[in-house]
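Student: Could we go through this model together? I would like to learn how each term is decided.

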Amino acid sequence: RAIAGEEILDGVPTYVMRTGDRSIYWSKADLSFLMEEVHGKVESRAVPPYKKFVWPLVPGRSWESRYEWEHLEGEKTAERVRRQRVAAMETVQVPEGTHRALRVVVTDTSGRKLSEYWYAPEVRWLVKERLYLPHGVRDRELIYASLWPEPPNR
């Protein structure tokens, strides 16, 4: 995944991350998730955008995100509430290298852990993400570092 450019999406300045035929849109102001497209068609989106980060990220900080998750392929819509907490600054090793990263834990309203991600300030993005899915755990790790631009509201 790499930042492929910048676009205005419904009046919101965004960074566009591309991987294969998938485009993922993130708000330039705060790196909130807006939507994903596959082959130029909207696959999913969050309304309002999903606040994956609240700046500054510091251990102990927590926040809640409420949004409608729209999965347009199957025409499914669901209200989502996600609680994020910056658990700690940790050293994490991934194929690309070793980084000091802030581990963020994401839970639902019942406290069930949904995911964890590690944000490395020097990379300005995630170096690792772990998703807890009904059928198992999926890890994603950074294999190539490409610095993200610095959002203005950090």
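Tutor: Gladly! Let us begin with pairing: two strands pair if DSSP finds at least two bridges between them. Strands themselves are DSSP runs of E with at least two residues, and helices are runs of H or I with at least four, numbered from the N terminus. Please keep in mind that this is a predicted model, where local features need pLDDT of at least 70 and side-chain atom pairs count only at pLDDT 80 or more, while totals for chains, interfaces and linings use all residues. Residues are numbered from 1 along each chain as its sequence is written, and side-chain values use heavy atoms, with hydrogens and water left out.

Student: How do you know that strand 7 and strand 8 pair?

Tutor: DSSP finds eleven bridges between strand 7 and strand 8 (residues 97–107), in the antiparallel sense. The rule asks for at least two, so they count as paired. One place to look is V92, which stands opposite H99 in strand 8. Strand 7 and strand 8 also form a hairpin, with two residues between them.

Student: What makes strand 6 and strand 7 a pair?

Tutor: Strand 6 (residues 62–71) and strand 7 (residues 76–94) share ten bridges, again antiparallel. The cut-off is at least two, so this is a pair as well. Here H71 has K76 of strand 7 as its bridge partner.

Student: Which elements does the whole chain contain?

Tutor: It has eleven strands and zero helices. Read along the sequence, the pattern is β-β-β-β-β-β-β-β-β-β-β.

Student: How do you know whether the radius of gyration agrees with that of a compact globule?

Tutor: The radius is taken over C-alpha atoms, and the globule rule is 2.2 Å times the number of residues to the power 0.38. For 154 residues a compact globule would come near 15 Å, and the protein chain has 15 Å, so the two agree. Along the principal axes, the C-alpha atoms fill a box of roughly 40 × 35 × 30 Å.

Student: Why is V123 called buried?

Tutor: Buried means under 20% relative accessible area, exposed means over 50%, and partly exposed lies in between (1.4 Å probe, protein chains only). V123 has 4%, so it is buried. This residue is in the loop between strand 9 and strand 10. Its C-alpha atom is separated by 9.4 Å from that of A101, 22 residues apart along the chain. Across the protein chain, buried residues make up 42% of the 154 residues.

Student: Why is R124 called partly exposed?

Tutor: R124 has 24% relative accessibility, so it falls in the middle class. It is found in the loop between strand 9 (113–120) and strand 10 (125–133).

Student: And why does H39 count as exposed?

Tutor: H39 has 58% relative accessibility, so it passes the limit for exposed. You will find H39 in the loop between strand 4 (33–38) and strand 5.

Student: What makes the backbone at H39 and R124 worth a look?

Tutor: Most residues other than glycine have a negative phi, and most peptide bonds are trans. Phi of H39 is near 55°, a positive value, and phi of R124 is near 65°, also positive.

Student: Where are the cis peptide bonds you can show me?

Tutor: One joins V47 and P48, with omega about -10°, and P48 is in strand 5 (residues 41–50). Another joins W55 and P56, with omega about -5°. P56 is in the loop between strand 5 and strand 6.
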